[in-house]
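Q: I would like to learn how to read pockets and nonpolar cores in a model. Please go through them one by one.

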Amino acid sequence: MQHPGLKRRHWFIFPLLLTILLLVSACGNNTSKGGNANTRNAAAAPAASEQPVQTVEPAAFKTVTTINGEIKIPVEPKRIVAEEYLGSLIALDTIPVGAPGLTLENMYFKEALAGVADTGAYGKMSPEKILELEPDLIISGMADSYETLSQIAPTIIVPYGDLKNAHEELTYFGELLGKEQKAKAWLAQYDQRIAEAKATVNAAIPADATFSILEHSGKKVWAYGDNFGRGGQPVYQALGRKPPAEVGEEIMEKQWAEISAEVLHKYAGDYLIVTDNDQTVQDYKNDPIWGSLSAVKNNHIYVWKEEKSWYYDPIAVLSQTEELAAWLTE
């Protein structure tokens with residue numbers, strides 16, 4: 001026989017269980033709704049196993065057009081080896097990690113390159129030395145070195161003479177290195193100082209006076225144009241002076257010409273800027289051929305050494321222009 005108290009307990013427990021079941025069901029429905037929302041969110045994002053692995057972002061690159069086609073280079077190169085154009089790099093506060101010994105001796109910015117590694121002979125840099133420096137960009141003017149250098153790092157070849165003046169050079173490298181504003185600021189100061197030097201010369205020297213850019217070594221003499229160093233850039237470009245009319249077109253087109261003693265007078269203007277490592281102004285005055293030129297007779301001859309006249313970068317041209325202006329206005 002069933003105990004009466006037990007029957008009453010069953011009657012009490014059943015409604016209680018039903019209430020619990022209803023509550024559990026309600027909670028389950030709420031959880032289900034929340035679960036649907038989470039499912040939608042999960043559908044919008046990949047599963048944990050599909051999430052991309054977080055890695056260090058590689059250095060940013062950009063593509064530039066060169067004589068060797070399109071080349072990818074770092075947006076902000078940190079370790080540049082430069083065979084050419086060091087003056088422009090320095091003007092842009094960019095110091096290379098390596099450069100040829102000859103360029104490291106450039107008197108116009110030698111101090112700025114203290115500690116820069118010597119990569120060998122100019123025009124024949126050592127691949128082994130460059131490799132040791134682990135460059136992320138190489139800059140050169142030697143087209144025939146591209147195949148070798150480009151196997152080490154992205155290589156930009158800008159052949160000698162392609163950039164015609166300080167403005168073209170600074171603008172090009174400012175864009176290449178992402179330093180356009182710094183290039184503009186440097187060129188603004190450059191233009192101001194050049195204008196001041198030019199004004200002093202114009203006040204002292206007749207406008208129609210002709211200038212010759214010459215180099216004398218041993219028994220050989222060369223005449224140069226406005227983009228071959230030796231003073232051509234400061235005289236013809238910065239100061240706006242002209243060569244003798246008879247040879248002006250030839251000099252500016254070819255940029256250089258070897259001349260004999262017999263035709264020296266044709267190439268000699270009213271003022272002579274002469275590169276010579278051995279002879280002095282007095283030596284030229286004593287020479288029967290040179291001494292017969294009106295420029296030498298009038299003491300309108302300036303003699304300087306290769307270490308001063310060869311360089312043609314913007315920093316050198318600015319310094320040379322002010323040096324020649326000081327001589328012309330003494």
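Q: How much space lies in the second largest pocket?
A: Rolling a probe the size of a water molecule over the atoms shows where empty space is left. A pocket is an open set of points on a 1 Å grid over the protein atoms alone, where a 1.4 Å probe fits, with protein on both sides within 12 Å along at least five of seven lines. In this predicted model, about 240 Å³ lies in the second largest pocket, the volume being the space filled by probe spheres set on the points. Residues are numbered from 1 along each chain as its sequence is written, local features need pLDDT of at least 70, side-chain atom pairs count only at pLDDT 80 or more, and totals for chains, interfaces and linings use all residues. Side-chain values use heavy atoms, without hydrogens and water.

Q: Which residues of its lining lie nearest the centre of the second largest pocket?
A: Lining residues have an atom within 4 Å of a point. Of 14 here, His216, Lys219, Val221, Ala261 and Trp290 lie nearest the centre.

Q: What of the largest pocket?
A: The largest pocket holds about 400 Å³ and is lined by 19 residues, with Glu84, Tyr122, Trp310, Tyr311 and Tyr312 nearest its centre.

Q: Which residues touch the most other members of the largest nonpolar core?
A: In soluble globular proteins, nonpolar side chains tend to be buried together. A nonpolar core joins buried Ala, Val, Leu, Ile, Met, Phe, Trp, Tyr and Cys residues through side-chain atoms within 4.5 Å; buried means under 20% relative accessible area (1.4 Å probe, protein chains only). Among the 40 residues of the largest core, Ile139, Phe173 and Tyr190 touch the most other members.

Definitions and conventions
Buried < 20%, exposed > 50% of the residue type's maximum accessible area, 1.4 Å probe, protein only.
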